[in-house]
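I opened the model today to look up a few things and write them down. The entries follow in the order I checked them.

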Amino acid sequence: MNTQSLASATPGARLLEIERHIISGVPIIQLREIEKVYRSGRVQYPALRGVDLEVAPGELMAIVGPSGSGKSTILNIITGIDRPTAGSVNVTGRDLSRLDEEALAVWRGGHIGIVFQFFQLLPTLTAHENVMLPLDFARLGSVGERSDRAASRLAQVGLSGHLNQFPAELSGGEQQRVAIARALACDPSIVVADEPTGNLDTDTAAEMFSVLGDVNRDGTTVVYVTHDPALAELARRVVSIRDGSVTGDDRR
Amino acid sequence: MEERVRSDAMHTARLAPNAADLTPAQLASLRSVDNVAALDTRTLARTEIRIEGRTEGVILVGVADFDNQTVNIVSRTSGTLPDGPNQLVTDSENARTGRFGGSAGDAVEVRTHTGGWRRFTISGSGGTVRYSSEVAQDAPVLYMANTDVQSVMNYPAPNSIDVVAANSSPEAVREMVTQLRSILAAELPNLAYWDVLEVWRAGTWPGSEDFGNFIVVFYVIAGIGLVSALILIFTTMNTMVREQIREIGMMKAIGGAPRSVAVGFLRTALLLGGIGTVAGIAIGIPLSNWLMAFMSDEFGGTHVGSRLSVLALALSIVVGLGGTAAASWPALRRAARITVREAIDDHGVVGTYGLRPLDRVVARIPVAARRSQLGVRNATRRTGRTIATALPIGLAVATMLAFGSVLITAVNEDLNTFDLEGGDIILWNRNPGLDAQAGALIESVPEVAFAHPMVYSSVELDGERYVWGLTATSTYDHDVIAGRWFTQEEADDADRVVVVGEALASKLSLEVGDTVSVETRRGPIDLDIVGIDGQLVNNAQGMFVPFETVLDYEGWTTGHYWVRTADPEPATVTTAAAGIQGVLENNGYEVASSLRYIDRDQNMAENRLIVTVVMAMGLPVVAIGMIGLVSAMTSNVLDRTREIGILRSIGARRRDLRAMFRAEGLAIAILGWLIGIPVGYGLARFILWVFERRFDAAFTFRFPLWTIAISLIITLTATLIVIRLPLRRVVRMSPGLALRYE
Ligand SMILES: Nc1ncnc2c1ncn2[C@@H]1O[C@H](COP(=O)(O)OP(=O)(O)OP(=O)(O)O)[C@@H](O)[C@H]1O
Ligand SMILES: [Mg+2]
C-alpha cells in the first residue's frame with residue numbers, strides 16, 4: 001500500500017524537481033529568523049539567535065564555526081530532527097512545522113540523506129543490509145530491487161567487496177563510506193553531513209570528500225559541517241557561525 | 001489444622017463395640033486407665049433422610065452430652081446446639097458440599113428402625129474434625145443426642161468409644177487399648193466389635209495425607225517463584241551497575257575504594273529487598289489465610305483460620321534480605337572490579353557484533369521483514385541479559401506446563417475412577433435385602449441400563465480398610481496386570497480368592513500365588529491372591545473378592561446394587577432413582593440410594609478449586625517472568641536510544657520501531673518458552689513422582705502436546721501485552737534528544 005514505485009524517485013524525476021526549484025528561483029532550504037533555546041531545568045541556553053539561511057538546489061555548502069556555536073543545531077533543524085523555538089523552516093518545498101514526527105520520519109526517508117559524525121551504522125546489520133534499511137523503511141520497490149540498489153550504492157562508494165561484513169569488521173573509513181551509501185540509498189534531494197570526517201585521518205577524509213563531491217556533481221544539494229579549514233575550502237559556499245548567529249557567508 | 005485437631009479433641013483411638021451399655025462407674029474405671037486423657041461413648045448409625053422427595057443415606061453421630069463434650073467436640077458455627085430431644089446439628093460441610101442444604105429451623109425426616117419417619121428440627125450447624133470429614137467422602141453427617149440415635153435405630157446402647165490418649169506413641173496407644181479391652185471384657189462378657197479399631201497417629205487427621213501432597217506442590221511453586229525472583233534481582237542489579245559504569249569509574253578516579261562502591265550498591269539492593277519483603281509479607285498474610293481456609297475445607301472437611309507463624313515470618317525476612325544480597329553478589333563484585341579505564345571507554349552498546357560465531361548463525365535465520373530481523377539479532381546482542389530474562393520466562397512456562405500436565409493426569413484418573421466403579425446410582429441393602437427379584441425390579445425401570453449386585457465391606461490389612469465384593473459379571477472394568485481375574489466357578493463356590501490393587505501389592509510386596517490374612521469383623525481369614533489390578537480404584541489399594549465370598553464370610557445373604565442408567569445426565573439419574581425407589585417400595589423393599597453424580601460433581605468442584613489455587617500460586621511466577629521481560633526490554637531500549645534516533649533519521653516510522661522491539665521481545669519470550677518445555681516436563685514428572693510415593697499409586701503420566709501449543713500462545717500474548725510499556729518509551733523519544741543521548 002505504501003510501496004512507492006522506484007520510478008517516481010529516479011534521478012531523472014528528481015532532476016526535474018531540482019530544475020523546477022532553479023527555474024522558479026525557490027531555494028531548496030529556507031530558514032527564516034530561526035531561534036533555538038535549549039532548556040534544561042531552570043537554565044535556558046539560546047543556541048541559535050535569529051538565523052536566516054537560504055540554500056539553492058545543487059549547492060555544495062560548508063558550515064564552519066567554533067565548538068558550541070550551533071552548527072549541529074542548524075543541521076538538525078534542516079532535517080527536522082530538532083524543531084526551532086521560533087522562525088520558519090521550509091525544506092524541499094515543505095513547511096516542516098506542519099509535519100508531525102511521523103510525517104517527518106517519512107519525509108526524511110524520501111528526501112534527506114544524513115551522514116553522522118560517528119558513522120552510526122546499525123551494528124547488527126551487514127554493510128549491505130545497512131544500506132537497504134532506508135529503502136525498507138520507505139518501502140521502495142521489491143526486495144530484489146532494494147538489494148540491487150543498495151549494492152550499486154555500495155559500488156558507488158567503492159565497497160562492492162564488503163557487502164556481507166558487519167560494521168565491526170570494517171575500518172573507520174569503510175564504515176563512513178557505508179554511511180554515505182546509506183544516506184544516498186533513497187536518492188535524497190539533500191545530503192546533510194555533520195563532521196563526516198571528524199573521526200578519520202587526513203587521507204581518508206579527502207577520499208570521503210571526493211565521494212561527496214561526486215554526489216553533488218550529480219545534482220544533489222550537500223550541506224556539511226566541518227572544523228577543518230582545508231575541507232571547508234572544498235565547498236563553493238562557506239557559512240560561518242558564531243554564538244548562534246551567521247557571521248559570514250562566502251560564495252566562490 | 002493440628003490446632004483444630006487439638007481444640008476438637010479428635011480421638012486417638014476408637015473402639016467399636018456393638019453395644020456398650022456402661023454405668024457411670026464403669027465409665028469412670030475406663031477413664032482412669034493409664035494414658036487416657038479423655039473418653040466419651042457415642043452412638044453412630046447409618047440411616048436415611050428425605051431430601052427433595054428422595055431418600056438418601058445419612059450418618060448419625062450421637063453425642064453423650066452436648067453441654068459436656070470431651071472427645072470429638074462438636075462446635076457450633078451457627079444456630080444453637082440441641083437442648084432437648086428431636087433436635088439435631090447439621091454438619092457445615094453438608095451444605096458446602098451440596099449433599100444436604102438444610103439450615104437452622106428446618107425440619108428433617110429421619111428414617112427409623114421400623115421404616116417410618118421421625119421429624120427432627122435443625123437447631124444449628126457445626127461439626128468436628130473426625131466426623132465432618134465423612135461428608136466429602138461419604139454422606140451427610142447429622143449430630144444429635146446419643147439417646148435420639150438409639151431410639152431412632154432401636155440400638156440398646158452406644159456403639160463407639162472415642163478415646164484421646166495423653167501419649168499418642170503407637171506402643172502407648174496399643175497398651176491403653178489392651179487395658180480398655182480387658183476392662184470391657186470383664187464388665188461386659190458378651191461384647192463384640194462391629195468395626196475394627198481406628199487409630200490416628202500424632203500429626204495425622206482425616207485428609208492429612210492429601211494435605212501433605214498439596215503442600216509439596218506448594219513448596220515446588222514457591223521454590224520456582226523464589227528462583228525467578230532471585231534471577232530478577234540478579235539482572236536488575238547487573239543492569240544498575242552497567243548503567244552507572246561511568247559514575248563508578250569517576251568515583252574510583254577521585255579515590256573511591258572498590259569496597260565502598262560495592263557497599264553502596266549492596267545498600268541499594270538491601271533497600272529494594274527490604275521493600276520487597278515488606279510488600280511480600282503484606283500480601284502473604286491474607287493469601288496464606290485464604291489458602292489455609294481453602295485447604296482445610298478441601299482436605300480436612302472443616303474450616304479453620306490460620307495464625308501468623310513467627311517462624312514463617314522470620315524465614316521470609318531472612319530469605320527476602322539474604323536472597324537479595326546473594327543474588328546481587330555478582331553485580332557487586334563487578335562494580336568493585338570496574339577499572340577507570342573500562343568506565344571511560346564504555347559506550348553502552350556492544351560494538352563488536354558480527355565477530356562471534358553466534359552472530360553468523362543468527363544472521364542466517366530467515367526472517368522476512370527487515371525490522372523483525374533487526375529485532376531477532378538485537379535479542380542476541382546482550383547474551384547474558386537475554387538468557388537471564390528468558391530463564392524466568394522459562395520457569396513460568398515450565399510451571400504452567402507442569403501443572404497442566406499434573407492436573408490433566410489427576411483429573412483423568414479421577415474421571416476414570418468414577419467410570420470404573422461403573423454405577424450412576426448405588427442402592428443400599430436394607431431390610432429385606434436386595435435379592436435377585438429386587439435386581440429384576442430395578443432393571444424394569446425404563447431409565448436403567450443394567451444393575452449388578454455389589455458389596456462393600458471393611459477388613460483390615462496393614463491399615464487399609466476396604467474390600468469390594470463383585471460378581472464375576474460385574475461392570476467393573478478391571479485391568480489385570482499380573483495373574484488373572486477370579487472365575488465364575490470360584491465365585492459360585494465362594495472361594496477365598498482376591499485380586500489386589502497394584503499399589504497395595506507393591507506396598508506389601510504381594511505377589512500372585514501369595515496368601516494374605518485379613519482381619520474381618522468376624523475374625524481373620526486367608527485369601528489367595530490370584531491377580532493384581534492396575535486400576536486406580538481406592539488409589540490402587542483396593543481388594544476385589546467375589547461377591548459370594550464376601551457374603552459368605554460376613555454372614556450376609558444379600559448385597560447392594562450398582563445401577564447404570566441409560567445416560568449419566570443428572571436429570572436421567574434422578575428420574576431413575578425415583579423410579580427404582582417407587583417400584584421397590586411397592587414390592588415391600590426398603591431402599592436408600594446414593595447418586596454418584598453428586599460425588600462426581602463434588603470431585604470436579606474440588607478439582608476446579610485446586611486448579612484455581614494452583615493458578616493463583618503460579619501467577620506470581622508468571623508475573624516475575626513478565627516483570628523481568630519488561631525491565632530487560634526497558635534496559636535494551638535505553639541502551640539503544642542513539643540507535644533509535646538514527647533509525648528515525650533514516651525514515652523509520654513508529655510502527656517500524658514497534659515491530660522491531662516487538663520482534664526482539666518475542667524472540668526472548670520464545671527462547672524462554674523453549675527452555676520451559678523440558679523444564680516443565682521434568683517438573684511434571686517430579687510432582688507426579690512425589691504424588692505417587694505419597695499416594696502409593698501409579699498414575700498414567702500425561703504431557704499433551706496441545707498444552708505446549710497453548711503455553712506458546714499464552715507466552716506470546718502476555719509478551720505482547722507487557723511489552724507495550726517499553727514500546728511506548730521507544731516511540732515517544734524525540735529523534736533530536738535520542739541522538740544526543742549518551
Ligand atoms: N539538548 C541540549 N540541551 C541543552 N543544551 C544543548 C543541547 N544540545 C546542544 N546544546 C547547546 O547548544 C549549543 C550549540 O550546540 P551545537 O551542538 O549545535 O554546537 P556545535 O556548533 O555543533 O558544536 P561542536 O562543534 O562541538 O559539535 C552548545 O552550547 C550546546 O551546549
Ligand atoms: Mg556539532
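How far does a polar side-chain atom of Ser67(A) lie from an oxygen atom of ligand 1, and what is the distance? I read 2.5 Å for this pair. I note that the model is a predicted one.

Ligand 1, contacts. I found a polar side-chain atom of Tyr45(A) 3.4 Å from an oxygen atom of ligand 1. I also looked at the backbone: a polar atom of Gly70(A) there is 2.9 Å from an oxygen atom of the ligand. Taken alone, ligand 1 exposes 630 Å², and the protein buries 71% of that.

Ligand 1, surroundings. I placed the ligand between chains A and B. Its shell holds 14 residues, and Ser67(A), Gly68(A), Lys71(A), Ser72(A) and Thr73(A) are the closest. I then checked which elements contribute: strand S2 (43–55) and helix H2 (71–78) of chain A each supply at least two shell residues. H2(A) gives the largest share, three residues.

Chain B, overall. I recorded 25 helices and 21 strands. Of its 742 residues, 53% count as buried. I looked at contacts between residues at least 6 apart in sequence, and 81% of them join residues at least 24 apart. The accessible surface of chain B comes to about 31800 Å², with 59% belonging to carbon and sulfur atoms.

Chain B, surface patch. I looked up a nonpolar patch of about 250 Å², made by Leu226(B), Leu315(B) and Val319(B). Leu315(B) sits in helix H10 (residues 310–337). I list Leu315(B) as exposed because its relative accessible area is 54%, and the cut-off for exposed is over 50%.

Methods: Residues numbered from 1 in each chain as written. Chains lettered and ligands numbered in written order. Predicted model: local features only at pLDDT ≥ 70, side-chain atom pairs only at ≥ 80, totals over all residues. Heavy atoms only, no water. Helix = DSSP H or I, 4+ residues; strand = E, 2+ residues; numbered from the N terminus. Buried < 20%, exposed > 50% of the residue type's maximum accessible area, 1.4 Å probe, protein only. Contact = heavy atoms within 4.5 Å. Areas by Shrake-Rupley, 256 points an atom, 1.4 Å probe, with all protein chains shown as cover. Patch = residues over 30% accessible without salt bridge, like charges linked within 9 Å, V, L, I, M, F, W, Y side chains within 5 Å. Salt bridge = Lys/Arg side-chain N within 4 Å of Asp/Glu carboxyl O. Near = heavy atom within 4 Å. Polar contact = N/O pair within 3.5 Å; in protein donor to acceptor, adjacent residues only side chain to side chain.
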